[in-house]
Each structure stands twice: as C-alpha cells, then as structure tokens.
Amino acid sequence: MSGQFKYGVSLYSYTEDFGSIMTLEDGFDHAADTGATGIEILGETHVECYPEPSKEWLDTWFGLLDRYQLEPTNMCSWVDTKLRLGRQLTVEQGAGELERDLRLAHRLGFKFLRPKFGVIDAQLTPDPIWSGAVERVLDLAHKFDIVICPEIHSPTPIRHPAVEGYIDFIERTGTPNFRLLIDTGIFQNRPLKGWQHEVPEGDSDHAKLINGIAVDPEEFLDIAKYVAFIQAKFHYINDDLQCENIPWDKVIPVLKRAGYSGYLSSEYEGAREPWVAIDQVRRQHVMMRQLEAQYDAALADA
C-alpha cells in the first residue's frame, strides 16, 4: 500500500550559511519556504549552549516552531567512543551520552534521535558498545516516545553485517523505540562533479564514498519495515530539476511501493558556497514532489 511522504529539511544542509549569513530563524524561514512541515537539526551545531540551552533560547526555539508551523523531526547526536586516545567509552558511558541527548531531544519536541556511534573500520561498522548502550536507555526512549535510529550511510550498504546487527537487535528486544535511518547517499551511482579535491580511483572505501556505492534501490524493500526516517541526501540538482548523482526516479517509486509514509528530510551535501544550498534544497523539494505526484497519477490510471 502506498503512503504519502512528509517533507522536511535538515539545517545541516545550510552548513556554509549557518552562523555567517544565516541565523536560526533564517534557517526556519528557508525550510518553511520549501513547503516543508518538519525540521531536523544537529544538536551540537544548532542548539546554543548544547546540551543545556538557556530558557531564552528555548523560548526562541518554540516560538519559531509555532511561527513557521514546523515540527521537530530528527535530532542528530554523537556517541564519541574514541573521544580520548587509548581509551574507549564503556557501555555505561555510552548509555550516559545517549541519555543526555534523549533528554534534550525530548525537551525540544523531537520524536527521532540519530546517534552516530564511533566506528571501528572504514565501512562505518559501529563500536560494539552500541547495543549495550542502547539497551540501557530503551525504557527512557519509550517514556519520551522517541525512536533511536542509527544511520545507514555510505560506504555502508544495506546488505552489511552492521545493518544485520541492528535488525537482530530490533527482533531480539521487540522494541518499537529502535529503528533504522536511511541516508539516500547509499543510492548514489554517479561520481560527484566538481569535487574540490582529487577524485580517487579504484575500489577503496574513500573512492566509494566519493564515487558512490550504487546500492540498488530495490534492496530497500528488504528492510522497509525497520526504517523510521529517511535523510534525503543529495549533491546537485540541475536546471532541469534532475539529480546528477542519485537516481531519484528509481528511489521514489521504491519508497512508494514499500508504503513508506515518513519524512524525506533534505540533506544537501554539495558545493559549500553561501546561498547555494538554499536554492538547491528548494529544487530538491520540487523534484521529489513531482516524482511522487507522477507515481500517484500512474497508479491511479492503472
């Protein structure tokens, strides 16, 4: 059964603009201007005095949500397992970092928390403490009605032991408060143009990160029931409203067939020049809505 997408914007998209030509309110204004209904943030970047914002900042935050009619979607956070050389976080310490960010996400009204666990290899396999740390905070996540959703991000494909480990955790615990977040960069099947550094060749993980790992969008169907949130990663939408790196014309139909009705949260990661991201995010929203409308129209005519 097909569902209707929700559309959001991650303030990460405006990395070059934020704090220079863009205030927090400007970010809200540009996100709302796309027709989005949701806003995503990076806790450490966008929350003033993280993790303990002032009352004045909180008043500003909720005032902006009300003024621009945006709902908090996903707060991105980090579990810094390798913060100190020679010593990794314990399970208890990792759980403490998760608890800190769950409490902040709850205060700000978010329903999703994306923890980025420290990794142990170039394919972004998470540090083994992740499962014990998450299990210790599941009751708190349930109390706050927040879904913890680690990110499946290039160069990690869908068919990978890390993803299998997350799914095994979901099945073992039976929890509704742990799911997957898909970054659509995994579907990139064409190299980035105009990359500011030399584009690596060969089959290294770094080369894959720049040139794309080309996961078949059809593979999403295998894990769709475990997915709670999608970061709509992209790098460049041209004047014809076509994405030059990610096959959105294949991605959107698969998401529709899977019945996904959650957020597509724009995450621009292209050229970092002032003002560019604002235009690019607008273009992406037009493109995604057009593709969804085309799919729905074809389904209605079938």
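Mentor: Start with Cys76. Cys76 is buried, because its relative accessible area is 3%, and the cut-off for buried is under 20%. Keep in mind that this is a predicted model. Which cysteine has the sulfur closest to that of Cys76? The one in Cys149, at 8.4 Å. That is too far for a bond, because a disulfide needs the two sulfur atoms within 2.5 Å. Cys243 is in no disulfide either. For Cys243, the nearest cysteine sulfur is that of Cys76, and it is 20 Å away. The count for the whole structure is 0 disulfides. Cys243 is also buried, because its relative accessibility is 8%.

Now step back along the sequence from Cys243. Gln242 is in the loop between strand 8 and helix 9. Is Gln242 buried or partly exposed? Partly exposed, because its relative accessibility is 48%. Neighbours within four places aside, Gln242 is in contact with Tyr236 and Ile237. For a sense of distance, take Asp26, which is 216 residues from Gln242 along the chain. The C-alpha atoms of this pair are 26 Å apart.

Leu241 is not a glycine, yet its phi is positive, at about 60 degrees. Its relative accessibility is 24%, so Leu241 counts as partly exposed.

Just after helix 9, Gly259 has a positive phi of about 80 degrees.

Other loops hold backbone features too. Leu124 has a positive phi near 65 degrees, and it is not glycine. It sits between strand 4 (112–117) and helix 5 (129–144). Leu124 is partly exposed, because its relative accessibility is 29%. There are also cis peptide bonds. One joins Tyr50 and Pro51, with omega about 0 degrees. Pro51 is in the loop between helix 2 (43–46) and helix 3 (55–68). Another joins Ser154 and Pro155, with omega about 15 degrees. Pro155 lies between strand 6 (151–152) and helix 6 (161–173).

Last, the whole fold. The protein has 10 helices and 9 strands. Its radius of gyration is 19 Å, which agrees with the value near 19 Å for a compact globule of 302 residues. The C-alpha trace spans about 50 × 45 × 45 Å along its principal axes. Of the 302 residues, 53% count as buried. Take the contacts with a separation of 6 or more: 80% of them join residues 24 or more positions apart. The accessible surface is about 13800 Å², and carbon and sulfur atoms hold 50% of that. On charge, there are 29 positive and 48 negative, and their mean positions are 4 Å apart.

How values were computed: Residues numbered from 1 in each chain as written. Predicted model: local features only at pLDDT ≥ 70, side-chain atom pairs only at ≥ 80, totals over all residues. Heavy atoms only, no water. Buried < 20%, exposed > 50% of the residue type's maximum accessible area, 1.4 Å probe, protein only. Helix = DSSP H or I, 4+ residues; strand = E, 2+ residues; numbered from the N terminus. Rg over C-alpha atoms; globule rule 2.2 N^0.38 Å. Contact = heavy atoms within 4.5 Å. Areas by Shrake-Rupley, 256 points an atom, 1.4 Å probe, with all protein chains shown as cover. Lys, Arg positive; Asp, Glu negative; His and termini not counted. Charge placed at Lys NZ, Arg CZ, Asp CG, Glu CD.
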